[in-house]
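Hi,

Here is the structure I promised to pass on. Have a look, and then read my notes on its charges below.

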Amino acid sequence: MVDEVNPFESLQEQIDDAAEYLDADEGMIDRLKQPERVLETTLSVEMDDGSIETFRAYRSEFNGDRGPYKGGIRYHPGVNRAEVKALSGWMVYKCAAVDIPYGGGKGGIEIDPSEYSESELERITRTFATELRPLIGEDKDIPAPDVNTGQREMDWIKDTYETLEDTTEPGVVTGKSLDNGGSKGRVEATGRSVSITAREAFEYLDRDISEATVAVQGYGNAGSIGARLIEDQGADVVAVSDSSGAVYDPDGLDARAVKEHKSETGSVVGYEGASRQLTNEELLTLDVDILVPAALENAIDADLAEDVSADVIIEAANGPLTPDADDVLADRDVYVVPDILANAGGVTVSYFEWVQNRQRFGWTEQRVNEELERLVTDAFDAMTTAYEERGTPNFRTAMYTVSIQRVLDAAEKSGLFP
Ligand code: NAD
């Protein structure tokens, strides 16, 4: 992990790189590089033993030109203002990439949730939801899960908001439990777009994914489901890791069995079907066809990028490569499917959940998956067309040119107020 790279500066650099290929007003591009507003607040919460603890919490609303701010809420000790701003900006360009009518937002609490009881986490989440209440709403700003949050936290936020507002408004958050207005297919959605984009990348490169070997860094929601769905296409998942370490088998692990082992023991380490353990760095430089970074930002810097042996990287995580790493990989002809497309399945099915909530009519899982397939493959095609027509150095810059242009078009047609 490369801590010194500021993810917000990475985002700004990515926008500048793409702007070079667009005929856009400089002031308008500057506008797209800053959040519209950031809430930074302190949550004071009573612990189970009666003591009071405080937590820093943030919500960044980056840009709303295309619709309500949309993006997850992260619980992690590393959460900070720069990270939340970056993640909220990536959401703007992700939503534009798959062409759904949202802007971008992101929030988080600086906390290690494993140190707190469920009742403490509920009070922490409800306190945060109370702070968020003036900002959020199904037409204003719509949170969702991110690292270390899930259906349970979204259900608490929805309940807190609805109680305070004296209404029912399930579309105020997405990623809820099915019993509480969640969508079929939401849990698998991020892994599904990872697997769809891996398939599309191999088709684009005229290669057979069923012969590919795969390494996955981070075996949580995005990584484990992405691994399973790529394995379902016939590829061999040979290495996976989590924060405790990595396991490897050159003949292929069983993605589902490794997940079961992690659910039972808390880690992929110790999985019996592996031939040996690896360090996290060894996993990232393993000689495989596909590398899926699915943990956190800045996993690969320029130095490590020199040693990456994969041909294709599918960014399940947000911001796993530093901009310098991107340059090295482009020079080395490693194809990178950028986060704003590869992991866009999560927000896309969040959008479907919101549509279902507003319609008060649930879709079948088949419909969810078919619509997801369409939006992700359309975005992939838009990206490769821009890559060829604009001659960008990599897929990321190509995808950004498409997304930024869509945001600019919306902004231009609405005009600036006042
Ligand atoms: P998660 O908490 O379910 O899983 C994260 C995994 O990464 C865990 O297995 C953890 O042990 C592992 N990890 C952490 N640090 C690591 C390290 N240094 N080396 C190896 N493994 C490490 O989180 P998630 O929801 O799967 O999110 C992962 C990434 O995907 C994040 O960047 C997130 O923003 C992004 N993402 C998630 C979704 C979603 O719907 N879940 C959607 C879009 C993007």
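First, the ground rules. This is a predicted model, where local features need pLDDT of at least 70 and side-chain atom pairs count only at pLDDT 80 or more, while totals for chains, interfaces and linings use all residues. Residues are numbered from 1 along each chain as its sequence is written, and side-chain values use heavy atoms, with hydrogens and water left out.

Salt bridges

I call it a salt bridge when a side-chain nitrogen of Lys or Arg sits within 4 Å of a carboxyl oxygen of Asp or Glu. That rule gives 33 salt bridges.

Take Lys33 and Asp16: their closest N and O atoms are 3.0 Å apart. This pair links distant parts of the chain, with Lys33 in the loop between α2 (26-31) and β1 (37-46) and Asp16 in helix α1, 17 residues apart. (Helices are DSSP runs of H or I with at least four residues, strands are runs of E with at least two, and both are numbered from the N terminus.) Lys33 counts as buried at 13% relative accessibility, whereas Asp16 is partly exposed at 33%. For those words, buried is under 20% relative accessible area, exposed is over 50%, and partly exposed is in between (1.4 Å probe, protein chains only).

Arg123 and Asp48 also pair up, at 2.9 Å from N to O. Arg123 belongs to helix α4 (residues 118-132) and Asp48 to the loop between β1 and β2 (52-63), 75 residues apart. Arg123 is partly exposed at 30%, and Asp48 is partly exposed at 45%.

Arg374 and Glu371 meet at 2.8 Å, N to O. Both lie in helix α14 (residues 365-390), 3 residues apart, which is about one turn of the helix.

There is also a network of salt bridges linking Arg74, Glu83, Lys106, Asp146 and Glu297.

The negative patch

Which helices each supply at least two residues of the negative patch? They are α1 (7-19), α9 (280-284), α10 (302-307) and α11 (323-331). Its members include Glu9, Glu13, Glu281, Glu282 and Asp307. Patch residues have over 30% relative accessible area and no salt bridge, and like charges are joined within 9 Å; Asp and Glu count as negative, placed at CG of Asp or CD of Glu. Asp307, in helix α10, is partly exposed with a relative accessible area of 45%.

Cheers

Conventions
Patches are made of residues with over 30% relative accessible area and no salt bridge: like charges are joined within 9 Å, nonpolar side chains (Val, Leu, Ile, Met, Phe, Trp, Tyr) within 5 Å. Accessible areas come from the Shrake-Rupley method with a 1.4 Å probe; for residues, only the protein chains shown count as cover.
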